[in-house]
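Subject: Structure handover

Hello,

Here is the structure that I am handing over to you. My notes on what was found in it follow below.

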Amino acid sequence: MTGGVLRIVLVGLGARSRYWLDVIEADPEACVVALMDPVAERREAAGARCPGAALLASLDEIAGIEADAVLLATPPGGRAAQIEAACRAGLAILAEKPLADTLAEAARHVATAEAAGVPLMVGLNFRFLAVTEATRRLFASEVGRPAFSRFTYERWRDGHQAHLNKYPLEMAQPMLWEQSIHHLDLLRHVYGAEPVRIYARTFNPPWSMYRDDANVSALVTFGNGIEVNYQGTWAANWRRPAFEWRHECERGVVLQRDQFGELSFARRDDERETAVPLPPYRQWIDDAAALLIAFRRALAGETALPCSGADHLRSLRMVEACILSSRSGQAIPMDDPRLLPPVADRMPHANPTA
Ligand SMILES: NC(=O)c1ccc[n+]([C@@H]2O[C@H](COP(=O)([O-])OP(=O)(O)OC[C@H]3O[C@@H](n4cnc5c(N)ncnc54)[C@H](O)[C@@H]3O)[C@@H](O)[C@H]2O)c1
């Protein structure tokens with residue numbers, strides 16, 4: 001990093017990249033040095049926002065750029081060449097979730113980065129919300145340890161809208177890979193535990209615009225005994241979205257009614273719930289800004305790398321277990337040989353500048 005500023009090559013200039021450009025522009029310790037997308041109009045539109053940045057049409061050109069990291073905001077399928085190019089250039093990788101669209105491919109990316117000694121972080125931005133941290137604090141203070149929970153995410157996601165990506169309309173299991181991955185990862189993060197068994201059913205309601213399943217129902221059992229009842233859908237049939245994550249704990253409940261905030265708690269005999277004050281937040285901005293700071297601090301050697309590729313594989317194993325369970329009609333133990341075994345996180349203190 002030059003003068004503490006993280007120099008970023010932003011790869012993939014679609015819907016998500018626009019948020020990243022906002023976040024990087026506002027961060028005095030990060031800058032975009034190059035923009036890469038095979039589509040010329042996208043390069044030009046992004047280039048107009050970053051006058052000093054090189055515009056690249058091919059991954060081959062990454063090697064000539066003075067940079068510290070690549071940020072992959074590309075569709076998750078077919079990222080092997082991007083990962084390899086970053087590794088050849090010795091650039092740290094921040095990849096949007098999911099790392100790949102199969103568990104096997106994601107494991108190959110993690111192995112490639114590890115072999116090259118390149119730090120690989122995955123953008124699980126929901127971990128970085130104030131509401132997520134506040135929930136964990138409530139377990140430790142007000143209500144005690146959780147024993148079971150219900151997580152519902154109901155959304156009519158009109159995938160044809162101009163500002164949204166289009167590939168989920170055609171991909172396999174779009175809800176699981178694109179959306180539930182955030183939720184399954186949050187379960188591991190908030191409960192500080194690993195799943196031991198998953199029973200799931202995925203399906204597509206008759207009005208779904210997605211080629212493959214837009215609905216996921218799952219019962220997840222964690223190693224510390226926590227049981228989760230999860231329902232997520234992109235084909236809820238009302239435009240107004242609904243979200244509720246209710247944790248049942250030793251002395252009461254924690255209620256989160258918005259995926260970005262709205263937190264409260266109640267002890268068993270309380271008449272009313274108590275709202276938990278949260279700092280003001282800008283959706284998709286503050287969470288990504290915090291994630292970028294965490295990436296930079298890890299690269300500077302100040303902390304372990306959060307959301308590492310190896311850690312992400314543990315959440316992707318949950319996605320894969322849901323698919324296997326739905327296909328077979330059986331609960332899947334997480335040591336099922338059809339799931340790739342978890343890999344050790346061997347690069348906790350990445351410091352490419354050292
Ligand atoms: N973390 C979040 O909250 C969040 C939100 C939205 C999207 N995402 C993720 O961001 C990623 C991108 O999603 P999106 O909505 O921007 O998709 P998109 O389809 O809108 O944009 C993808 C861009 O990548 C480009 N591209 C395709 N192949 C490429 C290649 N080989 N090299 C360089 N560029 C290439 C496309 O031309 C397009 O401009 C996905 O992984 C998605 O899941 C994350």
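Nine strands form an open sheet with mixed pairing, and their order is S14-S13-S12-S11-S7-S10-S9-S8-S15. Strands here are DSSP runs of E with at least two residues, helices are DSSP runs of H or I with at least four residues, and both are numbered from the N terminus. Two strands count as paired if DSSP finds at least two bridges between them. The edges of this sheet are strand S14 (274–275) and S15; each has a single partner strand, so one side of each is left without a neighbour in the sheet.

This is a predicted model, in which local features need pLDDT of at least 70 and side-chain atom pairs count only at pLDDT 80 or more, while totals for chains, interfaces and linings use all residues. Residues are numbered from 1 along each chain as its sequence is written, and side-chain values use heavy atoms, with hydrogens and water left out.

A second open sheet has six strands with parallel pairing, in the order S3-S2-S1-S4-S5-S6. Its edge strands are strand S3 (54–56) and strand S6 (120–123), each of which pairs on one side only. On average, neighbouring strands of this sheet are turned by 25 degrees against each other, direction ignored; axes are lines fitted to C-alpha atoms, for helices over the stretch in contact, and angles run from 0 to 180 degrees between N-to-C directions. Strand S5 (residues 92–96) and S6 are parallel and share four bridges. Ala95 has Val122 in S6 as its bridge partner.

Now the ligand. There are 27 residues around the ligand, and Asp37, Arg42, Asn125, Asn165 and Glu178 come nearest; a residue is counted as near if one of its heavy atoms lies within 4 Å. The shell consists of twelve nonpolar, eight polar and seven charged residues. In this division Ala, Val, Leu, Ile, Met, Phe, Trp, Tyr, Cys and Pro are nonpolar, Asp, Glu, Lys and Arg are charged, and the others, Gly among them, are polar. Domain 1 (6–126 + 286–306) and domain 2 (130–275) each give at least three residues to the shell, with domain bounds taken from an automatic or database domain assignment. Helix H1 (15–25) and helix H6 (174–191) each supply at least two shell residues.

An oxygen atom of the ligand lies 3.1 Å from an N or O atom in the side chain of Arg79. For the side chain of Tyr167, the distance from a ligand oxygen atom to an N or O atom is 3.4 Å. The protein buries 84% of the 860 Å² that the ligand exposes when taken alone; accessible areas come from the Shrake-Rupley method with a 1.4 Å probe, and for residues only the protein chains shown count as cover.

Two backbone details remain. Most residues other than glycine have a negative phi, and most peptide bonds are trans. Lys97 and Pro98 are joined by a cis peptide bond, with omega about -20 degrees, and Pro98 lies in the loop between S5 and helix H4 (103–116). Gln173 is not a glycine but has a positive phi of about 45 degrees; Gln173 lies in the loop between strand S7 (146–154) and H6.

Regards

Key:
Polar contact = N/O pair within 3.5 Å; in protein donor to acceptor, adjacent residues only side chain to side chain.
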